[in-house]
Amino acid sequence: MLNYGKLSSANDLNWYTDDPILTRYAKRYLPPAVLSYLEETFQATGKLVAGPMDRRAVHTDREGQPRLIRYNKKGEEINEVWYNEGYLQTVRDGYGTGVVGLRYDENAPEKVPFLANGILFYLLTETECGFTCPVALTQSVAFVLEKFGTEEQKRTYLTRLASIDPDVMEQGGTFLTEIQGGSDVGATKTVAVAEGDHYLLTGEKWFASNCDAEISITLARVNEKKSTAGLGLFLLPRTLPDGTRNPGISIRRLKDKLGVRAVASGELVLNNAVGYLIGTLDHGFKYMAEALNVSRLDTALGGLAIARRAFLEAAVYTSQREAFGNVVARYPMVQETLANLITEIEAGWAMAAQMISKFDQVHTYNTGTQDDYLLMRILLSLGKTRLSDLGVTAARQSLELHGGNGYIEEYVTPRLLRDAIVNPVWEGTANIQALEVLKTLHRGGAAPFVADLQATLASLEHPALKKLHPQLSAEVARAQELISHVLQQDQRQQTALAKKLADFMYDVYTAVHLAEEAQYDLLNSGDGRRLLAAEQWVKLVFSKDADRGILSGEVLTDEQFEALVAFGTWSV
């Protein structure tokens, strides 16, 4: 059990070994040989992020933000981005963990699933969201080359993206957004013209994060086909094979952002920039969609990681702060907030585990069916939406639990809130994700989604779950009914209902799978704590009493609070 009151700060902990949720999911879902191979890496990263990396993040956010150097002292345009030395060390340390390269580690005892990279990404995001944005983009570019690149492109570029050697490793970028399009990628105006073994790209990218990345991918129009059908995907290196700079890439300016200040987000001007085609000429959007799968997965994990950091900071602060003659964490309303926060994190991990497992089934082990692919797409959109939002609400609640101190930049809570707010926006807003869910349901995704729920529900046979089973059964039946209802409406009505449906699908899916996670614990360790979390989650999302829970009088006991928030054991 964690004793938050005895810590001088959250940084006293190792954020891997002292996170009972993270270590538990690593143990359950990573192959034993892989976990054994990586355990020391996870532990070292847990120490790194809670220590020097977190201290450097403060400086980068406040005084050490990247700056654009357009010209050198001779007046020559160089388009270089300056980073402070602390951030550059974070880059070396961060990529050195293998957060990108582990997927391609040939020394591993077996194929390393994306969950391993995800655990490292989660740990790094708890301390520096501005750094893990470039990490997500680098993972995305590496994944696209892995899946669709030529053997030469893999040898030349993927090996550098995947390297943990700071002298070899290069970062990636995905340049998607244009000013006239935003989420409407089909409005892309950048054009690509063939010239010998390459293409010349001309256009503007309005919001390019990691804009000085050495190895990027971008969409450009290759024919007169409408919307996304006429787009190709191109590899856009800043350094050409002969060692010279790609002359057609110019950074107009860096964006002045609310948060994630460590990452250089800028406006790019492409003027006959040299690009190399990836895959088939007009399949660009299809390939970029797979890159978005990776970045949406990372965005979901990032929101979950911010929520965990926010919870940890609040738990430590309220366990030490005294007001009105008592420790703040002893007051019922504070306990309810903390208990609800950790319950949402538990539900989020139940979703994340399935989301990543499906990704690995489809893209790592290549054992997934078309139904698995459709379910993966649904889970990615549901997870990206709700876990991004969770990061924001958790950061705000943590700030409030700190009182006035939570609004002061000497505490981490303002930075967490500023950094969290970007996650619901980039890689597709909640509206876009709801439309993605709707589109996937139309393509046959409803059947595997409902089948997954029904199969998981049928597996819940432990006697301790008897009380939950009837309500979960009713909610699964309701989900099937609501999906069918929405799909039968006209297009306008479907669009209007899409986000409400997606929210309900998330609630049902997390409730059923959190119950399954609880059953796993009961069967393997006898611990009922996760069952307590599942019961709490069902109350939060499905109990809509007219009296708002006032007449029921259900208040967490001190024992329940300690079990949920401090990770004590719970007997059923």
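Hi everyone, let's start with the parts list: this protein has 16 helices and eleven strands. Please keep in mind that what we are looking at is a predicted model.

Now the overall shape. Along the principal axes, the C-alpha atoms fill a box of roughly 75 × 55 × 45 Å. How does the radius of gyration compare with that of a compact globule? For 572 residues, such a globule would come out near 25 Å, and the protein has 24 Å, so the two agree.

Of the 572 residues, 58% count as buried. The accessible surface comes to about 23700 Å², and carbon and sulfur atoms account for 51% of that. As for charge, there are 57 positive and 71 negative side chains, with the centres of the two sets 4 Å apart.

How is the chain held in contact with itself? Take the contacts between residues at least 6 apart in sequence: 74% of them join residues that are at least 24 apart.

Phe148 sits in helix α6, which covers residues 129–148.

Look at Ile278 in particular: Ile278 and Phe148 are 130 residues apart along the chain, yet their C-alpha atoms are separated by 6.6 Å.

Key:
Residues are numbered from 1 along each chain as its sequence is written. This is a predicted model: local features need pLDDT of at least 70, side-chain atom pairs count only at pLDDT 80 or more; totals for chains, interfaces and linings use all residues. Side-chain values use heavy atoms; hydrogens and water are left out. Helices (H or I, at least four residues) and strands (E, at least two) are DSSP runs, numbered from the N terminus. The radius of gyration is taken over C-alpha atoms; the globule rule is 2.2 Å times the number of residues to the power 0.38. Buried means under 20% relative accessible area, exposed over 50%, partly exposed in between (1.4 Å probe, protein chains only). Contact means heavy atoms within 4.5 Å. Accessible areas come from the Shrake-Rupley method with a 1.4 Å probe; for residues, only the protein chains shown count as cover. Lys and Arg count as positive and Asp and Glu as negative; His and the chain ends are not counted. The place of a charge is taken as NZ of Lys, CZ of Arg, CG of Asp or CD of Glu.
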